[in-house]
Amino acid sequence: MSGNTAVLQRPASLQAGAIEALLTADPDLKAERARLLAATWSGGGLSLRGAGRVFLPDRPGRPEKPELVAPGKAPKRGIGTPKGRIALIHSLCHIELNAIDLALDIVARFAAQPMPRSFFDGWMTVAAEESKHFLLLRARLQALGADYGDVPAHDGLWEAARETGHDLTARLALVPLVLEARGLDVTPSLIVAFEREKDERTAAVLRIIYEDEKGHVAVGAKWFRFLCRREGREPGEAFRELVRKHFRAPLKPPFNDRARASSGLTPGFYRVLSPLGN
């Protein structure tokens, strides 16, 4: 890993550290900074915000590769061929890099919101775990003779941040309760598929990700309900209203109802938003 001494410098505040990590283009260095920031914050001694004016980035720092393309133009992914397997793992790796930035952005962008410290504790834990996921998946790519950046990727995930930058309740509805919850739906079948192909190492990485993602959805559900109570809104109704406004697409079944419910996201929230409507 990078020996850049700048990584070891204590940021002026949690918000400043989150912005610094967001702007970092090198993905390994971004992950390292996010993990170190989470550890420093949890150890105490960091203020949430500094005294000066803060400039939030419109986009996170990114390496020159991968090339970003429209979602429909991303390479076909599948486990049955070496090329398809690399494309699939690469897409998961790209998702996790975006997830680091989404967790950092929620801390940086909403640091001035009147939220308990435990809100920021939760999202820095998420940022650290997403960093772990990215590094594990990148290591798998490298073990297969590839690397992150080798395969074109799409930029759709960051659209959720751009769409909800003005509204914390909407951000929680879209990112953990739609995008991360989708991971709970699809990851178990991916684990089975990699096991079928005798790729136990990738399956083991996905098991780690799956268990951590349950906690990420739970963090989102907890604070979404908190904000709804504070705003006097019924959580399920507010979720459906925000998803219809900002996501503009039906939620795709099948749903992993058990994992979603264990994370605080019960079927009444989302089933009516699927094409089947129940």
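**Figure 1. Helix α2 and the glycine after it.** Past the end of α2 comes G44, a residue with a positive phi near 85 degrees. The model shown here and in the other views is predicted. Helix α2 covers residues 27-42, 16 residues in total. From its first C-alpha to its last, α2 reaches 23 Å, close to the 22 Å expected at 1.5 Å a residue. At the start of the helix, a side-chain oxygen of D26 comes to within 3.2 Å of the backbone nitrogen of D28.

**Figure 2. Buried residues of helix α2.** The buried residues of α2 are P27, D28, L29, K30, A31, R33, A34, L37, A38, T40 and W41. Their cover includes α1, α3 and α4. An α-helix has 3.6 residues a turn, so residues three or four places apart point the same way.

**Figure 3. Helix α4 and the glycine after it.** Helix α4 has 27 residues, which should span 39 Å at 1.5 Å a residue. The end C-alpha atoms of α4 are 40 Å apart, in agreement with that value. G145 follows α4 and has a positive phi, near 85 degrees.

Figure 4. Q15 is placed in α1, which runs over residues 14-23. Its relative accessibility is 8%, so Q15 counts as buried, the limit being under 20%. Apart from residues up to four places away in sequence, Q15 touches L48, R49, V54, A108 and A111.

Figure 5. L242 belongs to α8, residues 235-246. With 4% relative accessibility, L242 counts as buried. Once neighbours within four places in sequence are left aside, the contacts of L242 are D167, T169, A170, A173, L174, F224, R233 and F247. Between the C-alpha atoms of L242 and W41, which are 201 residues apart along the chain, the separation is 31 Å.

**Figure 6. The largest pocket and its lining.** Rolling a probe the size of a water molecule over the atoms shows where empty space is left. The largest pocket has a volume of about 1,500 Å³. It is lined by 50 residues, of which I95, H154, L157, L179 and R182 are the closest to its centre. At least two lining residues come from each of α3 (82-109), α4 (117-143), β2 (153-154), α5 (156-163), α6 (168-196) and α7 (200-231). The lining of this pocket consists of 30 nonpolar, eight polar and 12 charged residues.

Conventions
Residues numbered from 1 in each chain as written. Predicted model: local features only at pLDDT ≥ 70, side-chain atom pairs only at ≥ 80, totals over all residues. Heavy atoms only, no water. 1 Å grid on protein atoms, 1.4 Å probe; cavity = no way out; pocket = protein on both sides within 12 Å on 5 of 7 lines; lining within 4 Å. Points joined across faces, edges and corners; volume = space filled by probe spheres on them. Helix = DSSP H or I, 4+ residues; strand = E, 2+ residues; numbered from the N terminus. Nonpolar A, V, L, I, M, F, W, Y, C, P; charged D, E, K, R; others polar. Buried < 20%, exposed > 50% of the residue type's maximum accessible area, 1.4 Å probe, protein only. Contact = heavy atoms within 4.5 Å. Expected span 1.5 Å × (residues − 1). Polar contact = N/O pair within 3.5 Å; in protein donor to acceptor, adjacent residues only side chain to side chain.
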